[in-house]
Amino acid sequence: MLRAFSLRRTLHLHLKPPKLVKDPLPLIRPLSTVSPSSSSDAEIRKYLGYAALFLFSGAATYYSFPFSDSAKHKKAQLFRYAPLPEDLHTVSNWSGTHEVQTRNFHQPENIQELENLVKEANEKRAKIRPVGSGLSPNGIGLARAGMVNLALMDKVLVVDKEKKIVTVQAGIRVQELVDEIKQYGLTLQNFASIREQQIGGIIQVGAHGTGANLPPIDEQVISLKLVTPAKGTIEVSKEKDPELFYLARCGLGGLGVVAEVTLQCVERQELVEHTAVSNIKEIKRNHKKLLSENKHVKYLYIPYTDTVVVVRCNPVSKWKGPPKFKPKYTTDEAMQHVRDFYRESCTKYRADETTDKSPDNDEPDINELSFTELRDKLLALDPLNKDHVIKVNKAEAEFWRKSEGYRVGWADEILGFDCGGQQWVSETCFPVGALAKPSMKDLEYIDKLKQLIEKEDIPAPAPIEQRWTTRSRSPMSPAYSPAEDEIFSWMYNHMPAYSNSIFCNAYFKQFKPYMHHRLDYIAILVGIIMYLPTTDARQRKDITEEFFHYRHLTQTQLWDQYSAYEHWAKIEVPKDKEELAALQARLRKRFAVDSYNKARKELDPNRILSNNILEKLFPLSDTA
């Protein structure tokens with residue numbers, strides 16, 4: 001900028017109106033003699049040349065980048081779209097909110113290669129942060145300095161059908177594992193919303209399913225094989241080094257690269273899913289019964305409405321069989337009002353564009369879109385307009401009313417949830433009493449959250465999802481508790497990035513080939529989500545700012561009051577030093593940070609498995 005400023009000043013000084021010359025011949029001089037006039041002309045020509053070169057280079061740079069037609073705010077991000085060197089890998093998380101570029105992305109094919117890689121990296125003090133499928137919304141597995149991914153270590157090693165115990169390589173994805181062991185009549189005890197996580201990753205961040213009688217997923221782990229920088233390959237279990245075992249089950253990738261996992265599985269069974277629409281008053285009256293009598297249960301709250309969608313899943317009765325139920329509406333009938341609303345909204349927001357598929361339109365046929373895909377397209381039209389978001393939410397409430405009913409399927413098919421694509425997510429976990437005597441703080445929390453949303457005019461999309469689990473014995477789990485009968489609520493909400501299932505499917509279609517070259521404690525989940533249903537950089541920036549405002553309000557007004565702590569895969573590191581210090585102190589009150597850091601220093605003294613998130617949340621000192 002200074003150089004450009006100086007150039008403009010110089011040109012301003014030299015570009016004066018030329019004097020009229022009657023006889024041009026006096027201007028011609030021998031080369032050996034240079035007059036002040038000719039020197040001035042040369043300076044002018046030189047700086048004019050500089051200016052022309054500068055302008056031409058700028059224009060060529062701008063128009064050479066592959067901006068899409070919809071890109072309206074990319075001038076500030078020019079170099080992000082420049083062609084990358086062939087050896088530079090861009091690795092992004094699934095929600096599209098974090099990405100890094102690295103030249104060091106390792107994919108060992110067996111444990112020997114992994115051991116050699118970790119040993120060599122430790123000797124060179126080179127980073128190799130463990131990263132799984134890249135599903136964590138906060139990018140907890142990403143590191144610019146280098147990463148190691150076990151996608152090629154994806155085998156089922158041992159199946160003990162009698163004891164229902166399975167040993168697998170940590171790079172196997174949940175769906176692959178389930179498909180492999182179903183021939184033995186086995187499956188996992190519980191599932192998160194999606195099935196693309198690598199087993200090593202899903203246990204390391206304290207992931208969970210739902211069911212007030214079921215623990216988080218790390219409780220299914222009965223032994224681990226870790227490849228550590230300082231001690232090589234070690235095996236831990238509750239019989240062999242139990243303190244380290246419980247720390248490492250939810251170790252955030254900082255205690256060693258999880259190479260193999262032994263899991264306690266359960267008998268594969270069919271479930272009946274019952275979806276019904278309720279309201280806050282009915283939920284408060286039946287809450288204890290819903291938690292205690294259903295194997296899996298979750299609530300979906302629709303902001304700015306009184307609608308609560310209750311989804312219950314239970315084993316099919318061996319005596320009665322699945323329920324006989326004829327839905328009142330077909331899928332098309334349940335979707336029709338949403339399609340009509342989308343067409344009307346398109347007329348309002350982009351009247352010059354067609355809304356049905358045509359030869360000149362790349363838009364998919366809206367009749368072929370799922371509800372979540374269509375909802376995301378609706379939100380993309382005006383994601384931060386509260387009135388528009390309320391209309392979308394009401395359309396969703398009506399869709400669920402018309403979708404009440406039952407469906408039957410295997411647990412891995414039924415327990416999934418179409419959570420959309422790119423989005424900002426905040427998810428918190430807090431204790432809500434015991435199953436025999438719930439404290440009702442979970443419903444109290446949601447009441448205050450909905451009041452906060454309406455008071456602050458937050459354009460909060462649906463749904464706000466609430467789940468429950470029993471306690472975990474892993475000290476770094478958000479659901480950790482020594483009390484066997486305590487239960488936890490997990491709640492998350494979101495805000496619209498490029499959120500839709502089309503993106504979700506495209507992400508895995510592109511990411512997988514790259515990655516595969518070749519008991520009584522209840523936890524409640526409560527959180528916030530904002531979708532990113534647009535590729536426009538300015539709009540994404542505005543959504544991001546709105547999300548962090550939304551998150552800050554819940555943090556300051558609710559978290560401390562309810563002892564709520566964020567899911568490790570969704571916690572965002574503050575940029576402000578005071579806020580970071582406050583977060584570090586808060587985490588230290590809840591989690592075994594000293595024990596965790598002590599184990600880190602012993603197993604990874606050179607911090608090669610660490611990244612910015614771990615260093616910021618759990619700073620190591622010489623006395624740790």
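Student: Is Cys313 buried or exposed?

Tutor: Buried means under 20% relative accessible area, exposed over 50%, and partly exposed in between, using a 1.4 Å probe and protein chains only. Cys313 has 3% relative accessibility, so Cys313 counts as buried. Cys429, at 1%, is buried too. Keep in mind that this is a predicted model, where local features need pLDDT of at least 70, side-chain atom pairs count only at pLDDT 80 or more, and totals for chains, interfaces and linings use all residues. Residues are numbered from 1 along each chain as its sequence is written, and side-chain values use heavy atoms, leaving out hydrogens and water.

Student: How many disulfides does the structure hold?

Tutor: A disulfide is a covalent bond between the sulfur atoms of two cysteines. The test here is a pair of cysteine sulfur atoms within 2.5 Å, and the structure holds zero.

Student: And how many salt bridges does the structure hold?

Tutor: Side chains of opposite charge can pair when their charged atoms come close. We count a side-chain nitrogen of Lys or Arg within 4 Å of a carboxyl oxygen of Asp or Glu. The structure holds 27 salt bridges.

Student: Which residue forms a salt bridge with Asp560?

Tutor: That is Arg586, with the closest N and O atoms 2.7 Å apart. Asp560 lies in helix α14 and Arg586 in helix α15 (residues 577-590), so the pair ties together parts 26 residues apart in sequence. Helices are DSSP runs of H or I with at least four residues, numbered from the N terminus. Asp560 is exposed at 58% relative accessible area, whereas Arg586, at 16%, counts as buried.

Conventions:
Helices (H or I, at least four residues) and strands (E, at least two) are DSSP runs, numbered from the N terminus.
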